[in-house]
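Here are my notebook entries from an afternoon of looking things up. Follow along in the viewer if you like.

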Amino acid sequence: MATPPHRPAVHPVDEVLPAVQLGAFGLQHVLAMYAGAVAVPLIVGGALKLPPADLAYLITADLLVCGIATLLQCVGWWRFGVRLPIMQGCTFAAVAPMVLIGQDGGLPAIYGAVIASGVAMVLLAPVFGRLLRFFPALVTGTVILVIGLSLLPVAGNWAAGGVGSADFGAPRNIGLAAAVLVAVLLVQRFAPPAVARIAVLAGIVLGTLAAVPLGFTDFGAVGDADWVGISTPFHFGTPDFQGAAIASMLVVALVTMTETTGDIIAVGELTGRHVEPRRLADGLRADGVSTVLGGVFNTFPYTAYAQNVGLVGMTRVRSRWVVATAGGILVLLGLLPKLGAVVAAIPAPVLGGAGLVMFGTVAASGVRTLSTVDFHGNGNLTVVAVSVAVGLLPVGVPDVYDAFPDWFQTVMDSGISAGCITAIALNLLFNHLPGGPGSGADEAADPAEPPVLPVGGGGEDAVHEPGEERL
């Protein structure tokens, strides 16, 4: 009998799953990031007192570009795109500067600054790529831990009903979130493996179905929404390039690139695919192009979404084509407002229950990475302790930096960027400067081969044959 031809091994990141799984897993990623994606246009548009029609336009434009940006990041084209399972969405770091710019110069001034910052990100991407050696396991583990911990208040606010809701903190809201959390855990524990990997989606669907008869939400807005909505370039006028506005958005660009670097490294750890400087630069370059597209198509700067990093770790589904499918779904939501209205009807407590699992998974992944670090006879414990403290300070005390200059607030109000910058600086202080307790002995001073951490069960190979079941 003839020997069957040898099939080349396919990395889990590059595996193309069956269409049904792509759709289910992709929808799960969309639901995990949808609330955060539409929050930025809602906040900025509300602060600028835009009419409801313009707010709706901002949201559909945002979803469209979210999808395009995600496709570029996952699928890649030439030197654009990290080709990892990373969802893209509007960055919250830009909200305060954009509101200030918009109050002075309107939306055209915002979009001029956004386009300029996107071009700067493309140009700076190779520089950030060369900084990868300053992200050993000590720094990456700390950053991943801070990402997860800083996201938990977001899930808490959702569970309580959403910030600004009339019944914020009502026991019924917390009860619904807890029920969704329990549902996610039960599905993950007792369902067959194929279903367990969509535990978050199952929990959200079950929670939403339970929420309708209980009066948490209704789908009446779906009937009022348009079937088709097309975003056109420069809908709000020709961009206005103002020097001061551009300068403030350049600070945001640096913060965004720092956060994206942490997210890309985190996904690289979770998927077992080494992120080298060139790959990181390609991912940051895609961020810049997406931000330029945001300015052209009436939306805002884009970055990797950390909440979806947690979903990758929790489900152990590492295919970038799953997230590319999610990008395609976002494009449809941006072109078909009626579909967007269906997703928008999901109550905040339902998202909160699912978010607690996902964001906690990110934090746990950071702890797992830190378990490879030597904490004996050096300053590594201090590096982690101080970096986590600095990163969580603006999360626990949101107005702690209100008396500081705007540029300082832009950098430090983001717990992720604050923790990341602190971890890099302290690692240099303790492990690289001459005379430091860990100088010459930093286990991750050579980042050429960072530890590959399997997610889920131990001993899982990073490469497997197509169709092989991964538990």
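**Rings first**

I looked up the aromatic pairs, and the structure holds 9 of them; rings of Phe, Tyr and Trp (its six-membered ring) pair if their centres lie within 6.5 Å. W77 and F80 form one that is stacked, with 5.8 Å centre to centre and 15 degrees between the planes (stacked is under 30 degrees, edge-to-face over 60, tilted the rest).

A note on my source: this is a predicted model, where local features need pLDDT of at least 70 and side-chain atom pairs count only at pLDDT 80 or more, while totals for chains, interfaces and linings use all residues. Residues are numbered from 1 along each chain as its sequence is written, and side-chain values use heavy atoms, leaving out hydrogens and water.

Are W77 and F80 buried or exposed? I found W77 exposed, because its relative accessibility is 57%, whereas F80 is buried at 13% (buried is under 20% relative accessible area, exposed over 50%, partly exposed in between, with a 1.4 Å probe and protein chains only).

I also saw R285 over the face of F80, at 6.0 Å from the ring centre; for this, NZ of Lys or CZ of Arg must be within 6 Å of the ring centre and within 35 degrees of the ring normal. R172 lies over the face of F216, at 4.0 Å. Y57, Y111, F236 and F300 form one aromatic cluster.

**Then a helix**

Next I checked helix 9, residues 243-271 (helices are DSSP runs of H or I, at least four residues, numbered from the N terminus). I noted that 22 of its 29 residues are buried. After helix 9 comes G272, with a positive phi near 75 degrees.

How values were computed:
Helices (H or I, at least four residues) and strands (E, at least two) are DSSP runs, numbered from the N terminus. The expected span of a helix is 1.5 Å times one less than its number of residues.
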